[in-house]
Each structure stands twice: as C-alpha cells, then as structure tokens.
Number of protein chains: 2
Amino acid sequence: MPAPPAAPGHTSLGDPAEPEAKTENGRRRAGRPVGAVLDKAGITAAALQLIEKKGYDGLTMAALARSLNVAPSALYNHVSSKGDVLLLVEDHLAALVDVSAFGAEPWEDAVRKWAWSYRDVFSQHTPLIPVIAVLPVTDAPQTLAMYETVSAGFRDADFPEERIVSSIVALESFIFGSAYDVTAPADIFDAGSMAEATPSFTGAVRSLAAQGHERPADVAFSLGLEALISGLGALRQ
Amino acid sequence: MPAPPAAPGHTSLGDPAEPEAKTENGRRRAGRPVGAVLDKAGITAAALQLIEKKGYDGLTMAALARSLNVAPSALYNHVSSKGDVLLLVEDHLAALVDVSAFGAEPWEDAVRKWAWSYRDVFSQHTPLIPVIAVLPVTDAPQTLAMYETVSAGFRDADFPEERIVSSIVALESFIFGSAYDVTAPADIFDAGSMAEATPSFTGAVRSLAAQGHERPADVAFSLGLEALISGLGALRQ
DNA sequence: CCACTAAATGAATGGTATTCATTTACGAGA
DNA sequence: TCTCGTAAATGAATACCATTCATTTAGTGG
C-alpha cells in the first residue's frame with residue numbers, strides 16, 4: 001500500500017531547522033527533503049499542539065504519529081526516543097521566555113520580568129521540569145541562548161563572574177519549584193480531620209485564606225523572588 | 001495452590017500503621033490481620049528497599065510484588081494505584097527531614113538546618129517531587145506533621161500569621177528545584193561547540209569551575225538559601 | 001460447625017515505547 | 001533513460017507496564 005498523501009499544515013516555526021536540502025535544483029523548497037513527511041520542526045509543532053489539546057498524558061508516540069498521519073515507527077527516523085521529543089519541546093519553550101529586559105532595564109527589573117515569564121511558561125509544562133533541570137545545554141540551543149542573555153545581563157550589572165552561574169541556578173531552582181505551585185489544587189493545604197491536631201499550621205492557612213488572594217501561588221512567588229533579588233543583588237561589586 | 005509462607009522481615013516502621021485489629025482476643029498481635037502477608041508498612045519498606053537497589057525505574061508493581069513474595073494483583077488490596085505507593089514512600093521520607101531545631105535554636109539556624117536536610121532527603125528521590133509539590137496534605141500525615149512544626153517555629157519567631165504559609169511555600173519551592181540540581185551531570189553547562197557563540201555564559205561557567213568547588217550545587221543552594229533567609233526574615237514583626 | 005470476609009491468585013486487558021525486516025520513491029550518476 | 005543507492009516510510013512483533021476481575025483460600029466471629 002502506497003504512503004498516504006503528505007500531511008498538511010505543520011509549517012516550520014523556524015527553530016529546529018533541518019539541514020539545508022542538498023538539491024541543486026531551484027524548484028524544490030529548501031529545508032525539507034522533498035519526499036519526507038516528517039522533520040524535527042514538524043514533530044515539535046505537532047507535539048506542542050497535542051500537549052495543548054490532550055495534556056502530557058496524551059502525548060504518546062502513537063498519538064503523535066497519528067497527528068502527523070504517519071506510523072509510530074517513522075518518528076524514529078528523526079528522533080531517537082520520546083525523551084528526544086520532550087527535549088525538542090523544551091527548547092522551543094525556552095525561546096518563549098522573556099529576556100528582553102536584560103540590557104534595557106535595571107538589573108532588578110530585568111530579573112523580575114525574566115523570572116515571572118520563565119515561571120509562567122513552564123507552569124503550563126511541569127512534566128518538562130525534570131527534563132530541563134538536568135539537561136546538558138549542548139542539546140538545547142535556545143535554552144543556551146537564554147542563558148547567554150541572562151549571563152550578559154548579570155555581568156553588565158557588575159556581578160563577580162564566578163558568582164553568576166550559581167546565582168542563576170539559585171533563581172532557576174526557585175522558578176522550577178514555583179512552577180509546580182501554580183498547578184497545585186486550591187485545597188492542597190486543607191488538613192481535614194487533622195486540623196485540630198495541627199493548630200499552628202491550620203491557623204496560618206486560615207489566615208492566608210482570609211486575605212482572599214485570587215492566586216496564592218503568586219504571593220509566595222513574589223515573596224521569594226523579591227528576597228532573592230535583594231539578597232543576590234547584594235553580591236554586586 | 002496454597003499461598004506461600006508469609007514473607008519474612010518487613011517489620012513495621014511505625015508510620016503507616018494499619019487500623020487496630022478488632023480481635024478481642026489478647027493472643028493476637030495488634031496491627032496486622034493474622035493471615036495477611038501484606039500491609040502498608042510492609043509495602044512502604046519494600047518499595048524503599050527496591051528504590052535504593054534499582055532506582056525509580058526499577059520500582060514496578062511487578063517487582064514490588066516479587067520482593068514481597070506475592071502476586072502483583074495482591075498489592076491492590078492495600079493500595080489503590082502505583083501513585084498510592086509513591087505517596088506512602090513520600091510520607092515516610094518526610095519523617096526523615098530534620099525539624100528538631102525549631103523551638104530549640106534561633107529561627108535562622110532552624111530554617112537553615114531544615115532546608116539543607118529537606119533538600120538532601122529529596123535529592124535522592126527527585127521522582128517524588130512532582131508528587132509532593134501538588135499533594136493534598138490530608139493524604140500525608142507525616143508531611144503534615146512537618147508543616148506543623150515548621151509553622152510553629154515561624155509563629156514563635158514573630159512572623160505575621162498570614163505570611164507564614166507563603167514563606168514556607170517559597171522556601172519549599174527553592175528546595176525542590178535545588179534537589180534536582182544535586183543530581184545534574186557535572187558537565188551540564190558545557191556549551192560544547194557553541195562555546196564561542198556564548199562568551200558571557202561560557203566565561204561565567206569557566207570562572208566558577210576555576211574555583212574548584214567539589215559540589216557546585218551546594219554553592220548555589222547556600223547562596224539562594226541565605227538570600228531567602230535574610231529576605232524572609234525581614235518580615236518578622 | 002457454618003458462614004462470612006479479607007486477602008490472595010493468575011489470567012486477561014489495553015496501553016506503552018521501541019526494534020526490525022521490508023518496501024517505497026526520490027534523485028544522482030552513468 | 002536506466003539503474004542504483006539511500007533516506008524515510010510501513011506494519012508486525014517485542015517486551016514491558018499498570019490495572020481488573022473471576023475465582024480460590026484460609027482464617028474468625030457468631
């Protein structure tokens with residue numbers, strides 16, 4: 001049985017560009033071997049779309065292949081494992097993090113904007129956090145580009161060079177942990193039947209609830225982020 | 001075929017105690033129905049042992065059952081899912097976190113000791129972090145007990161009650177993120193062929209490496225933790 | 001002594017990522 | 001124009017996985 005007609009859509013988003021097609025003939029569009037249905041950009045885009053619609057539980061190699069009108073095994077001509085797909089998605093998301101304030105605004109404001117943006121992007125993609133947190137930067141060019149911009153911002157803000165990486169890591173650790181909080185259920189701190197056995201904690205939870213914040217995770221994030229900004233900012237020479 | 005003889009070992013560690021046996025007869029040991037091979041404490045202990053030996057990839061319901069000399073389906077008489085097993089393990093680990101300094105040492109020292117201990121315990125169990133981070137405390141009594149002790153420590157250190165939970169959440173977020181760092185490969189920041197394209201970042205990485213710290217993750221953790229302690233400490237009335 | 005019930009079995013189910021022998025079709029070189 | 005090499009597809013097979021369920025076992029309370 002012949003292969004089905006090429007899948008429509010999935011226009012490249014630009015980032016994981018395939019090596020240039022070697023065709024000398026000008027009639028062929030560059031960037032994708034003419035007979036090929038799949039490439040990394042298409043896989044990335046399809047994976048993101050699938051995650052958006054079905055969540056990370058719905059992201060299976062079978063479902064991904066189906067959304068591309070292709071057999072599951074075909075994916076393995078372009079990625080070596082499902083982990084590879086997650087890595088592609090992660091690197092795509094890294095490009096969405098807002099680093100524009102570095103070099104344009106004071107250090108404190110730039111860090112603040114970056115950190116909120118970083119948290120917001122990955123709070124929608126918490127299953128990627130274990131991936132990013134231990135990901136060698138070589139495998140993720142867009143992520144590396146983000147680090148470069150942030151590092152330059154720290155250097156220009158008169159950070160001692162040997163403290164820059166540790167400071168970024170500390171901020172990032174806080175951001176990753178905080179991304180989980182955003183997705184936690186509202187009643188996560190309800191002690192239920194144990195309430196009277198835990199008076200200090202229950203009192204503190206009730207006292208926070210009485211404040212009526214619409215997004216409690218934002219309060220904790222702001223509190224911690226401001227503490228980190230002023231604490232780390234003191235390292236500047 | 002009759003059931004194999006009861007598995008040896010797996011003495012209860014105390015925490016996930018089975019409801020008291022209803023036997024009026026004093027001859028029976030309390031806590032475990034006499035004919036039962038399994039209970040939650042035994043499952044927890046076996047799971048921990050399995051994780052220690054084979055890692056989280058080796059923690060399967062089949063392997064867990066085998067280590068208890070039992071059929072996989074037998075586990076489902078005591079836990080409702082594999083997630084339930086993870087929850088039992090998580091709650092057991094929470095009891096290992098050192099909260100002893102609260103009420104015995106100044107707030108700063110107590111927080112410092114608690115945070116290092118918390119990070120160290122869960123850096124060996126990072127697959128549990130997504131579980132804890134969104135876990136309703138009702139389902140984890142030991143975890144709840146930890147929160148109670150910590151909350152009391154904050155209250156006694158003159159924290160405004162409505163800021164206690166947010167402060168703990170901020171610290172916890174940082175701790176969870178930092179637990180991942182401990183397990184990251186040493187060359188995670190090696191930019192490889194992209195090194196000359198990322199001069200600020202590469203310079204910062206080299207400058208840190210030149211310091212020759214044996215555990216770079218500890219430097220970042222200390223930096224962030226001290227910033228949080230002094231920033232959050234300023235909230236005290 | 002009987003009946004009830006908690007707790008075990010083992011087979012079956014539906015899902016997963018991944019591998020591999022085979023086929024297809026494009027494009028380059030003779 | 002023909003042929004050959006190769007990149008990229010297929011689909012069947014593999015080895016797991018968690019979970020369900022009808023059935024059996026064996027103790028306990030009445």
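**Chain A–chain B interface and aromatic pairs**

Q: How many residue pairs are in polar contact across the interface of chain A and chain B?
A: The rule finds 15 residue pairs in polar contact across this interface, both residues at pLDDT 80 or more. A polar contact is a pair of N or O atoms within 3.5 Å; within protein, one must be able to donate a hydrogen and the other to accept it, and residues adjacent in sequence count only if both atoms are side-chain atoms.

Q: What are the conventions here?
A: This is a predicted model, in which local features need pLDDT of at least 70 and side-chain atom pairs count only at pLDDT 80 or more, while totals for chains, interfaces and linings use all residues. Residues are numbered from 1 along each chain as its sequence is written, chains are lettered from A and ligands numbered from 1 in the order in which they are written, and side-chain values use heavy atoms, leaving out hydrogens and water.

Q: How many salt bridges does the rule find across the interface of chain A and chain B?
A: The rule finds 0; a salt bridge needs a side-chain nitrogen of Lys or Arg within 4 Å of a carboxyl oxygen of Asp or Glu.

Q: Which helix of chain A gives the most to the side that touches chain B?
A: Helix 7 of chain A does, with 16 residues. Helices (H or I, at least four residues) are DSSP runs, numbered from the N terminus.

Q: What makes Trp116(A) and Phe221(A) an edge-to-face pair?
A: A search of the whole structure finds 26 aromatic pairs over all chains. In this one the distance is 4.7 Å centre to centre, with 85 degrees between the planes. Rings of Phe, Tyr and Trp (its six-membered ring) pair if their centres lie within 6.5 Å; planes under 30 degrees apart count as stacked, over 60 as edge-to-face and the rest as tilted.

Q: Why does Trp116(A) count as partly exposed?
A: Its relative accessibility is 24%; buried means under 20% relative accessible area, exposed over 50%, partly exposed in between (1.4 Å probe, protein chains only). Trp116(A) therefore counts as partly exposed.

Q: Is Phe221(A) buried or exposed?
A: Phe221(A) has a relative accessible area of 1%, so it is buried.

Q: Why are Phe189(B) and Phe201(B) called edge-to-face?
A: Their ring centres are 5.7 Å apart and their planes stand at 85 degrees, so the pair is edge-to-face. Phe189(B) lies in the loop between helix 7 (161-183) and helix 8 (199-211) of chain B, and Phe201(B) in helix 8 of chain B, 12 residues apart.

Technical notes. Helix = DSSP H or I, 4+ residues; strand = E, 2+ residues; numbered from the N terminus.
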